[in-house]
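Hello,

Here is the structure I promised to pass on to you. Have a look at it first, and then read on for what turned up.

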Amino acid sequence: MGRKRNAASSADADDATKDPRFIAALARGIELLRVFKPQDRWLSHREIVRRIALPPATVSRLTFTLTAMGYLKHREDVGEYALSPAVLGLGFSMLGNFDIARIARPTMQALADTCQAAVSLGARHGLEMIYVAHSRSTARLILGLDVGARLPIARTSMGRAVLCGMSPDERAMLMQRMALAEGDAWPAVKARLAEVQAQYDSCGFVTTEGEWDPSISAAAVPVSLGDGRTLLGLSVGGASSWLHGKALREEVGPLLVQAAHTIVSAIHAADWKD
């Protein structure tokens, strides 16, 4: 599993790795930081090796360097590592300069209040979507994700919406990478993605009901800013017990489409540059 993930997540840089300017050690260090998930606190050296699929000696050098730079904390007595607040500093610096979240948030909050659900905005990185903005209603929700959360493109409404919003050539390239990452599961995943594409072509949004998480249903749309700028995904998610079927397709979906138009208009009015 670790090797698949490493191959998939680095595929965007496949061409760049052949360039003499590419620094492999730096790339490996960044990939090591990415093996930590939101639910992880401390990871052992052995677990990091398993997830990143690099030799133990290489991982030892990387963890030593990242610890010395303050990006990792190390418990020497048990040989475990954790992300330090310095990593958060990098992320929050980026988000602080990511004006689109500020511009989109009023529309997102209004949508969250109307749907009594959670509304999220995400950007693609590799084969995952990363939440860059998040708004919640006052309703009690099962959905506990927040800014920085990563979701698989192939199995979530937000990821699928972004896939549907891509140009045919870009979509085909990403589908090739998905096929490599999914292995034997790819035929079933590909068939489901074809159904999702048909739904998007017909309705302008996509839905999932308990596919990624049995307790969660969601609808999503791509947010296209034009001029080659980053394609984003906007989703509404909530408990499958009440957010499903006709309400999801006939109420939430159309509201999402309108919200995406509102956000794009607001971004253009603010002259935001990617």
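Which residue takes a positive phi in the hairpin of β2 and β3? Please keep in mind that this is a predicted model. The residue is G79, with a phi near 70°, and the hairpin has 4 residues between its strands.

β2 covers residues 72-75 and pairs with β3 in the antiparallel sense, with 4 bridges between them. Within this pairing, K73 stands opposite A82 of β3. β3 itself spans residues 80-83 and also pairs with β1 (residues 43-44), again antiparallel, over 2 bridges. There, S44 has E80 of β3 as its bridge partner.

Another spot to look at is S137. You will find S137 in the loop that links β5 (128-136) to β6 (150-152). Is S137 buried or exposed? Its relative accessible area is 9%, and because the cut-off for buried is under 20%, S137 counts as buried. Leaving aside residues up to four places away in sequence, S137 touches Q109, A112, D113, Q116 and A117.

As for the chain as a whole, it contains 10 helices and 9 strands. It has 274 residues, and 44% of them count as buried. Taking contacts between residues at least 6 apart in sequence, 59% join residues at least 24 apart.

Happy browsing, and do write back with any thoughts.

Best wishes

Note on methods: Residues numbered from 1 in each chain as written. Predicted model: local features only at pLDDT ≥ 70, side-chain atom pairs only at ≥ 80, totals over all residues. Heavy atoms only, no water. Buried < 20%, exposed > 50% of the residue type's maximum accessible area, 1.4 Å probe, protein only. Contact = heavy atoms within 4.5 Å. Pairing = 2+ DSSP bridges.
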